[in-house]
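Open the model in your viewer and keep the sequence panel beside it. The stops below say what to select next and what is there.

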Amino acid sequence: KRPLVMTLDLDNNMEILLKVSGGDLKKDFEVKVPAKASDGSWDAESLEGKLTDITARWSNLSEVSVSAGANVKYKELVNVINTTQKTLPKVYISGG
């Protein structure tokens, strides 16, 4: 049986894709966090809400692997990681 894992991918359009896979899931669970309509920036509030929902549904998730598009600025990546760590303290950076 594969372990249950979550990935978070930041794309160059300020959109975030959260994906939970493995475990007893028959298919991957995916949810997108679109950029803020007001200014096109990362939507930290929506991200926190989605992470809270996911960890409530899968309480055994304790970490997330984060990747980013080639044009994502380092500062933006760090901001998203800091937001993620409020819900999931163990965050790993992976190749995108």
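Select leucine 25, which sits in the loop between E2 and E3. This is a predicted model, so treat every value here as computed from it. With a relative accessible area of 25%, leucine 25 is partly exposed, because buried would require under 20%. Show its surroundings: leaving out residues up to four places away in sequence, leucine 25 touches Leu4, Val20 and Trp58. Leucine 4 is 21 residues away from leucine 25 in sequence, yet their C-alpha atoms are 8.3 Å apart in space.

Next, go to methionine 14, in the loop between strand E1 (5-10) and strand E2 (16-21). Its relative accessibility is 19%, so methionine 14 counts as buried. Check the backbone here: methionine 14 has a positive phi of about 65°, although it is not a glycine. For background, most residues other than glycine have a negative phi.

Now select the core. Which residues have the most contacts inside the largest nonpolar core? They are Leu8, Leu10, Ile16 and Leu18, in a core of 24 residues. Two or more residues of this core come from each of E1, E2, strand E3 (29-33), helix H1 (44-57), strand E4 (63-68) and helix H2 (74-85). Stay on leucine 18 and display its contacts beyond four places in sequence; among them are Thr7, Leu8, Phe29, Val31, Val33, Leu47, Leu51 and Ile54. Glu30 and Lys50 also touch leucine 18.

Move to threonine 55, in helix H1. Is threonine 55 buried or exposed? Its relative accessible area is 18%, so threonine 55 is buried. A polar atom of its side chain lies 3.2 Å from the backbone oxygen of threonine 52. Setting aside residues up to four places away in sequence, threonine 55 touches Thr87 and Leu88.

Finish on helix H2. Its twelve residues should span 16 Å at 1.5 Å a residue, and the end C-alpha atoms are 16 Å apart, which agrees. Colour the buried residues of H2: Glu76, Leu77, Val80, Ile81, Thr83 and Thr84. These residues cover an arc of only 160° around the axis, which puts them on the same side of H2. What do the buried residues of H2 pack against? Their partners are E1, E2, H1, E4 and strand E5 (90-93).

Key: Residues are numbered from 1 along each chain as its sequence is written. This is a predicted model: local features need pLDDT of at least 70, side-chain atom pairs count only at pLDDT 80 or more; totals for chains, interfaces and linings use all residues. Side-chain values use heavy atoms; hydrogens and water are left out. Helices (H or I, at least four residues) and strands (E, at least two) are DSSP runs, numbered from the N terminus. Buried means under 20% relative accessible area, exposed over 50%, partly exposed in between (1.4 Å probe, protein chains only). A nonpolar core is a set of buried Ala, Val, Leu, Ile, Met, Phe, Trp, Tyr and Cys residues joined through side-chain atoms within 4.5 Å. Contact means heavy atoms within 4.5 Å. A polar contact is a pair of N or O atoms within 3.5 Å; within protein, one must be able to donate a hydrogen and the other to accept it, and residues adjacent in sequence count only if both atoms are side-chain atoms. The expected span of a helix is 1.5 Å times one less than its number of residues. The arc is that of the directions from the helix axis to the C-beta atoms.
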